[in-house]
Amino acid sequence: MRNDSRLPDAGRAAARLQWRWPFQASRRPRLLLLFTAVYISVGTILGAVIALGLARYVADRVAEQVSRDVGSLTEEFVATQMTSQLAGTGLEGLRGNGLAAFDSFVRQRLLRPPILRINVWDSRGSIVYSTQAGLLGQSLGLDEHLQEALAGQTVVEVESVEGAEGGGLEGYSRIMEVYTPIRLGQAGPPVGAFEIYRDYSSVASLVASVERGVLLAMGSGLAALYLAILLVVKGGSDLIRHQEREIEEKRATLQHLAYHDSLTGLPNRALVRDRLEVALAQAARSRQRLAVLFLDLDRFKLINDSLGHRVGDDVLREIGNRLVLSVREGDTVARMGGDEFVLLLGGFARVEEVADAARRILERLRRPLLLGSQELHVTVSMGIALWPDDGQDADTLIRNADAAMYRAKEQGRDNFQFFTPELQEAMHRRLSVGNELRRALEREEFTVHFQPVFHLGTGKLEGVEALVRWQHPERGLVMPGDFISIAEETGLIVPIGERVLRLACQAARRWHEAGHSIWVSVNLSSRQFKQPNLAGLVTSVLQETGLPPHALELEITETTAMADPDYTVAVLGQLRQMGVRIALDDFGSGYSSLNYLRRLPIDKVKIDRSFIHDVTRDANDAAIAQAIIAMAHSLGLRVVAEGVEEAGQLEFLRHRHCDEVQGYLTARPMPADGLTRLLERPVFAPLTGAGDQTA
């Protein structure tokens, strides 16, 4: 379970990602068979309909052309040959010698295959001439075709031999009858009709041949089309199969990414929570303890800021590897995000076993990290929550282990702490304070007290530092030490800081209007300093309050400044271009170098109060304070000493030419109205001034 990407026990989590592509491999042959069956059935019917229709159309055109040809031939014969034979006598000349001569003429000129029989009809429907001797002289009446011919139309009809007069055509299946009107003059009416019987078998054979050709061509075309479509379908099937493989690979990748950390390959927050639920069920059945260990790297931000994020990523990967090697098969190591890791350890009967495991893990992590040519020493703070003592569900156990981890950091880092009920009470208190802070913002309960800053040479009050206070409706005046850390955690420090900035500028503007040209200094928290609209906010507040930019001083701590030197230089440069003063607070407590200090666009440094406290008793502190003053002056910066509470400290600073001082010795923080009274005598006198007891 350590680092397995197959999620053997992910339970519902893995099930949620299971899905199938509609075209499964096992169904693909069935799909091709179905296509073939549908194509053959539909294609055959549709092809047959089209082929038969086309064949019929072609056959009709062939028959029509043959009919026109025969009709034209017959008309020409009647008009040119027969009329000349009957000129002067008409149909009456078809008797005796005239009949024999006409018979000889017809047989020589026309009666040859495929012409089978010739009849000549008079206008009464009697046959006055026939090549079939038995028909001569018969009167069969005027049928429909004969009437049309006597009306002047050439009629062509195809019929079976049963319809032919007189028989004698039994050897033929179908015949073509052509009736042509006989005119003895150009304008006269027809005096009779000339009828020929033509053998239609050759035409029928031609039509059948055409039909077979059309059907064969259509069948071949459908077969070729089937093969072409089959190739397309097969290509599509292969493409689908390829896409299926790609989708399956991507699905597996997405499933892995959804439940694993992309940097370390370890299970992520979602998967560890699911595994914890599974482990809780197993622990309940086995009645053994389950431990949740929450780890956070100590001072990891310093590694990122000083060595870069690439080295930071390498550190996280190596820590993950060491954690995997530190646990047993079946335990889980997960990365929650950032520099936080969670371990799930099961199968414990006693708390001491968990403590021993925690010690082994810390010991392994303390070993130096070799990253290329760099050797790093990294430690972690660890919090431990146990099932069933510290929680019954996954969320509670992780939350309580996290709280115990913060307790480990408070105890000096590089240690582990078990969760206790007291920690839970502290968590509830912090949650309660966080909610109260939100209400305090809405009700404008935050106010500002001001601590004067005096010029050490003249004793003149030059400016004030704005310090936030919470005027709680029940607890009274609450000092920042009781809520600032919670405000930082919740992000409420940003709106609180904005309110302090606005109140401080409003107060300074009133003092300027009263004739007191002092500046006001406002602290910027780390979160506030990183806000992208900081310069815009300061500009807006200055315009809103009417305070000149040179009368505002903004303080950032040395630690904040060094977190991202390039960003710090850019932002402070913007603020200084506006005319705002910049002070570096708590100087000496961080890790800034002289090179960085020279780059920063600042006006003054404030010596951290920890060096001032023992400056008259500790030679090291005295040397550090003196060095800071000398270094700042060499860079053209003014120096302020914070936390001056004793006359000896004041004298030490005076002799080292410190520029400004603030502290209980000169004046305590006070409300704005108290400072207004102090401005009437703006020279400090040691141990005077009323106000609250804490900055």
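**Aromatic rings and a surface patch in a predicted model**

Ring pairs link Phe446, Trp470 and Phe483 into a cluster. This is a predicted model, in which local features need pLDDT of at least 70 and side-chain atom pairs count only at pLDDT 80 or more, while totals for chains, interfaces and linings use all residues. Residues are numbered from 1 along each chain as its sequence is written, and side-chain values use heavy atoms, with hydrogens and water left out.

Me: How do the planes of Phe446 and Trp470 make the pair count: stacked, edge-to-face or tilted?
Reply: Rings of Phe, Tyr and Trp (its six-membered ring) pair if their centres lie within 6.5 Å, and planes under 30 degrees apart count as stacked, over 60 as edge-to-face and the rest as tilted; by this rule the count comes to seven aromatic pairs. For Phe446 and Trp470 the centres are 5.8 Å apart and the planes stand at 35 degrees, so the pair is tilted.

Me: How many residues apart are Phe446 and Trp470?
Reply: Strands (E, at least two residues) and helices (H or I, at least four) are DSSP runs, numbered from the N terminus. Phe446 belongs to strand β13 (residues 446-455) and Trp470 to strand β14 (residues 461-472), and the pair links distant parts of the chain, 24 residues apart.

Me: Is Trp470 buried or exposed?
Reply: Buried means under 20% relative accessible area, exposed over 50%, and partly exposed in between (1.4 Å probe, protein chains only). Because its relative accessibility is 1%, Trp470 counts as buried.

Me: What kind of pair do Trp470 and Phe483 form?
Reply: Trp470 lies in strand β14 and Phe483 in the loop between β15 (476-478) and α12 (484-490), so the pair ties together parts that are 13 residues apart in sequence. Their ring centres are 5.6 Å apart and their planes are at 85 degrees, so the pair is edge-to-face.

Me: Which residue lies over the face of Tyr664?
Reply: A charge sits over a ring if NZ of Lys or CZ of Arg is within 6 Å of the ring centre and within 35 degrees of the ring normal. At 4.2 Å from the ring centre of Tyr664, the residue over its face is Arg668.

Me: Where is Leu34?
Reply: Leu34 counts as exposed, because its relative accessibility is 52%. The element that holds Leu34 is helix α2 (residues 28-86).

Me: How many helices and how many strands does the chain have?
Reply: Buried residues make up 45% of the 695 residues in the chain. The chain's elements come to 22 helices and 21 strands.
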